[in-house]
Amino acid sequence: MTDIAVRTVGLGKMYRIGGHREAYRTLRDTLMQAAMRPIERLRHPGAATHASEVLWALRDVDFEVKQGEAVGIIGRNGAGKSTLLKVLSHITEPTEGRVEITGRVGSLLEVGTGFHGELTGRENIFLNGAILGMTRQEIKRRFDEIVEFSEIGRFLDTPVKRYSSGMYVRLAFAVAAHLDPEILIVDEVLAVGDAAFQRKCLGKMEDVAGHGRTVLFVSHNMQAVRSLCTNAIELQAGRVVNAGEAAQIVADYLTRQSASEAFARWTPGEGPGNHIARLLGLEVIDEAGEVANVVFSDQAFRVRIAFELSRTDLPVGVGFDLTTSEGTVVLQSYQTHADQDRRPQLHEGRNTIECMLPPGLLNDGQYMVVPGLVIHGNRWILRGGPAISFEAHRVLGESPYSRAKVPGVVAPVLAWRNAETDESDPSGH
Amino acid sequence: MVYERRRGWSALDLRELWAYRELLFFLTWRDILVRYKQAVLGVAWAVLQPVLTMVVFTVVFNRALGVSGSPDADIPYEVFSFAGLLPWQFFAGALSRSGTSLVGNANLLTKVYFPRLVIPISAVLAGLVDFVISFVVLLILMVSFGVYPGWEIFLVPAFLILAIITTLGVSLWLSALNVLYRDVQYVIPFLVQLWMFLSPVIYSTQSIKSETVRAVYSINPMTGVIGGFRWALLGEELPGGHVWISIGVMVVLFVGGLYYFRRMERVFADVV
C-alpha cells in the first residue's frame, strides 16, 4: 500500500489550434482537405502539415500528492490549471505521460453540472448526485442533510428555473459537498455565491481536507489556498515552475505577479526636495529586511526613507502618507510626531530612518507610500512626492468566520470582551 | 488507476458501463421527465403523434392513392400502418434525439467523467415510454377493428430488442460523427425521411415481387424489424430468410458503432 494518492509522470497535453480555430470541423472542410492534401504536398514538399499550430497546455508535469494532503494549484489564466484538473479527472486523456491515482476520485469542476431548469430541486438532487458519481442509496441516505445544507427549504419541489441564482448555487454546492470521495478535485467553484455561503463552502472543504481526504484545489483566491492547502504547485505556460509549502508558493507567486515597485532611489543632489533636504531612497521593507512588493498582514513592515540634509538647525520633518490606490489617506506619519527622545536624531549628510508599522493593519489591496518633507511651522519642502506602491494581503486568523473579504481601508483584528462582567459598563447595569 | 493516452481500438469495457447503470437510469429519467413537462399536451402528444400520422397515411396512401396493406391477410390499413409506425417512430425519434445528444450534453462531457456511451444509450431508451403508450393505443385500435393477435404477440419484446439494437447502432455512429462534424445534425432529418420510404411503413414488403430486390431491400435492418412486428402482431407472413440479412446488417452496424464510438470518445471533451 503506497501513501501516494496522485502521481503524474511526464504529463503533457497538446491541443491543435491555428488554422482550425473551431475545434470541430464540418464534413465539407474535411472532404475538401482530403482532396487538397496531395496538391499541397506537391506545392510544398516536405512541409510538415500545420506543425506549428499546436499548443502544449501541459508539458512535463511531474508531481506527487500524498494521501491526506491538500494541494493548491495556482497560476495565471491559461497556465494549464483547468487542463490539469481535466486530465486528473479522466475527462480528457493526456497526449503524453501518465497519471496514477489511488482511490475514488470526485471532481467538482463546476457547480450544478447537469442541472436541468425544468426539474425540481428534489429531482435535481438525485440527477446531479448520480452525475457526480453517487449511488441512489447514498443520495437517499444523505438527502435530508443536503436539503438542510442548501437552505432551500420549501422550494424543494419548485423547478430550479424559478430559483434565484443564489438558491441555485446553494443547492448545487450542497449536493457536491456531500460527495464522499477519497480524492477531491475542485476547480474554483467557490467563486460563486454570496460571501456567507462562500464561507460555508470553505468550511466544508476544510472539513474534507481535515478528515484525511486528499484535496486538489485550483483557485485564484490566494487566501483560500493559503488557509486550506498544505502544499501548492504553481503552473506557468503548462509547466510546474514552483512547488512546495503553500504559504511560500503563494508568497512567491504574488510577489512575482505584483506590478508594484516598492522602492525608489535617487542619486545625491538629484532627488526630490531642495537644497535643505532631498530624498535619496524610499522603500517598503519586510521583517527579513528585503524590499517587499507584497506585504502579508501577519508580518510587521517598515517604510525606510533615506535623505540628505544640509542643515540641522531647522525642524525638518520627514515622513509619508500611506494611501489606498484610489488615494484615500490611511494614515500620515512623520518622525517629528514622536516625542523628542523617541525619534531618530538627524545629522548633516545622509540619514536613513524607518517607520515601523504593526502586523494586522492593512486590508487586501494596493497601497501607496507618498513621501513628504517639511520644515515645521514654515513650509513644505516636498509634498505629494513620487510614490512607491505595494500590495497588502490579509492573512486569516484562527477564526473560521474571519475569511471573507471585509470592507475598509484597514482591517485590523481588534479585541472584544464581555461587557457584563466589566464594572465600566456604560449602560449602567 | 492509470490514465494515459490510448492508441488504436479500445476494448468495450462493459463492466464499467454496468457500474454506471444508475447514471444511465437517471439520464433516461431526466429526458423523459423533461419531455413531458415541457410539452403542453404532455402524454397526449405520445398518443396524438402516431394516431394522426396513421390517419394521414390511411387517407392519402390507402384511400386516395390505393396503396394496400398486407396482400395475404385481411387487415385494415389503419391497423397495418400503425403496427409499422410503432417501431418506426421509436427508431426515428431516437435517431433525432441521440444524434444531437452528445453536443447537447457538452457541459457534462467537459466537466465530469463517465462512460460516454451512457449519453446516446439514454437518449434511445427515453423513447421507450412513447413506445409503450403507442403500443397500448395499437392494442385498442386492433380490438376496435376486430383484429386479435395470436400467441406470437409474446414475441414482441424480442423484436423490440432488435429495434433497440438497430436504433443504438445507428445512433452511436450519428452521435459520434456529430461531435466531429456538426453538419451531421442537419443531415439527420433528411436521412430519417428517406429511410422511412425505404422501409415497409406505408407499404408491405410483400408488395415487392422480385426475390433479388427483396434481398437487397432487406439490407435495411428496419425491414426486418418492422416485418417482425407485423408478424408478431398481425400474423403477416414471416419475413423468412431475408430477415437474417437484416439481422446481420444490424449486428455489423451495432458492433461497428460501439467500436467507432469508443475510438472517438477520447477526443469528445476536447472538441465538443
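The model is predicted, so local features need pLDDT of at least 70 and side-chain atom pairs count only at pLDDT 80 or more, while totals for chains, interfaces and linings use all residues. Residues are numbered from 1 along each chain as its sequence is written, and chains are lettered from A and ligands numbered from 1 in the order in which they are written.

**Where A meets B**

- On the chain A side, 38 residues are in contact with 29 residues of chain B; contact here means C-beta atoms, placed from the backbone, within 7 Å.
- Helix H1 (27-43), strand E4 (96-101) and helix H3 (121-131) of chain A each put at least two residues into that side, and E4(A) gives the largest share, six residues.
- Helices (H or I, at least four residues) and strands (E, at least two) are DSSP runs, numbered from the N terminus.
- By type, the chain A side splits into 15 nonpolar, 12 polar and 11 charged residues. Ala, Val, Leu, Ile, Met, Phe, Trp, Tyr, Cys and Pro count as nonpolar, Asp, Glu, Lys and Arg as charged, and the others, Gly among them, as polar.
- E4(A) also pairs with strand E1 (residues 2-4) of chain B, antiparallel over three bridges, with Glu100(A) opposite Val2(B). Pairing takes at least two DSSP bridges between two strands.

**A four-strand sheet in chain A**

- The strands of this open sheet run in the order E10-E11-E13-E16, with antiparallel pairing.
- Its edges are strand E10 (263-265) and strand E16 (349-357) of chain A, each pairing on one side only.
- Neighbours in the sheet are turned by 20° against each other on average, direction ignored; the axes are lines fitted to C-alpha atoms.
- E10(A) is joined to strand E11 (residues 277-285) of chain A by three bridges, and Ala264(A) sits opposite Leu282(A).

**A hairpin in chain A**

- Strands E14 (residues 316-324) and E15 (residues 329-334) of chain A pair antiparallel over five bridges, and Thr323(A) faces Val329(A).
- Four residues lie between the two strands, and Gly327(A) in the turn has a positive phi of about 100°.

- Chain A averages a pLDDT of 84, and 86% of its residues score at least 70; pLDDT is the predictor's confidence in each residue, from 0 to 100.
- Among the elements of chain A, H1(A) has the lowest mean pLDDT (64), and strand E13 (residues 301-309) has the highest (95).
- Residues 19-23 of chain A stay under 50, with five contacts beyond four places in sequence.
- Residues 45-50 of chain A are also below 50, with two contacts beyond near neighbours in sequence.

Notes. Axes fitted to C-alpha atoms, helices over the stretch in contact; angles between N-to-C directions.
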